[in-house]
Amino acid sequence: IAFKDLTFSYLPGREILHGVSFTVEKGKMTAIVGPTGGGKSTLISLLMRYYDCPPATLFVDDIDIRAFTLESYLHRVALVSQETLLLHDSLRNNITYGLTGVSEGRLSEVLKRARLEEFIGKLPLGIGTLIGDRGVRLSGGEKQRVSIARALLKDAEILILDEATSSLDSKTESLIQEAIDDAVSGRTSIVIAHRLSTIKHADKIVVLEEGQVSEEGTLDELLAAKGAFYALWEQQKF
């Protein structure tokens, strides 16, 4: 995935992204970090094609993202977002939503990898349990793991994680981090990181500030440079 001098605005005269250029290597994890309002969510919106970017600014396998049909492109992309869309239905139907012919073996494997197996085993009706409107019977951490299970079940080539572990307790965060590490292994993945401790294993970190790439490199390289990323890292130390 290549961003090439991408400039984007929702409204004329109010640029959100200014000349953004970086690449996401196939089969590797790229983390995008930076202060609130830096343009991270806009990048995800463009990758998900909620909005179209200008021509010749975003490429997948050297093809302009706008050249793909929406259906063929989104078939290859899975998103784990901060807000998990859940229906008043069984846990099974929420996890397999939009997919057909899912075998019990495949579902069981995904539940294990999403760290949901133990939780489901304690429910009175197991995976057939109704979760309530918008998943009201699930905790924040459980909702996140349902979202990860969906992404794993889809088995998409590109995985986008707009991760929301900042409001979770440390035990739940640890469980979700295990599931995320499992999900991104060997897959082209983009992680929007709020807690920098969650991206220690990223192959590349891109720092986005005020709509521009200010730094990029590995964790060790960015810490050694003592620039914008180092400042963010020091703020989150405790």
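**Exercise 1. State how much space lies in the largest pocket, and identify what lines it.**

Solution. The model under study is predicted.
Step 1. The largest pocket holds about 720 Å³ of space.
Step 2. Its lining is made up of 23 residues, and those closest to the centre of the pocket are Ala78, Leu79, Tyr97, Arg150 and Lys154.
Step 3. Two elements each give two or more residues to this lining: strand S6 (77-80) and helix H6 (140-154). The largest share, four residues, is that of H6.
Step 4. Sorted by class, the lining of the largest pocket contains twelve nonpolar, five polar and six charged residues.

**Exercise 2. Describe the second largest pocket by its space, its lining and the classes of its residues.**

Solution. 
Step 1. The space in the second largest pocket is about 420 Å³.
Step 2. It is lined by 21 residues; Lys26, Val60, Asp61, Glu157 and Ile158 are the closest to its centre.
Step 3. S1, S4 and helix H2 (70-74) are the elements that supply two or more residues to this lining.
Step 4. By class, eight of the lining residues are nonpolar, five are polar and eight are charged.

**Exercise 3. Determine the strand order of the four-stranded open sheet, and find which helix lies across S1, S2 and strand S4 (58-60).**

Solution. 
Step 1. The four strands follow the order S2-S1-S4-S5, and their pairing is antiparallel.
Step 2. Strand S2 (14-23) and strand S5 (63-64) are the edge strands, since each of them pairs on one side only.
Step 3. Consider next the pair formed by strand S1 (residues 2-11) and S2: six bridges join them in the antiparallel sense. Within this part of the sheet, Leu6 stands opposite Val20 in S2.

**Exercise 4. Count the helices and strands of the protein chain, and decide why the chain may be called as compact as a globular protein of its length.**

Solution. 
Step 1. The protein chain contains nine helices and ten strands.
Step 2. For 238 residues the globule rule gives 18 Å, and the radius of gyration of the chain is 18 Å, close to that value; therefore the chain is as compact as a globular protein of that length.
Step 3. The C-alpha trace spans about 55 × 45 × 30 Å along its principal axes.

Notes
Residues numbered from 1 in each chain as written. Predicted model: local features only at pLDDT ≥ 70, side-chain atom pairs only at ≥ 80, totals over all residues. Heavy atoms only, no water. Pairing = 2+ DSSP bridges. Contact = heavy atoms within 4.5 Å. Axes fitted to C-alpha atoms, helices over the stretch in contact; angles between N-to-C directions. 1 Å grid on protein atoms, 1.4 Å probe; cavity = no way out; pocket = protein on both sides within 12 Å on 5 of 7 lines; lining within 4 Å. Points joined across faces, edges and corners; volume = space filled by probe spheres on them. Nonpolar A, V, L, I, M, F, W, Y, C, P; charged D, E, K, R; others polar. Rg over C-alpha atoms; globule rule 2.2 N^0.38 Å.
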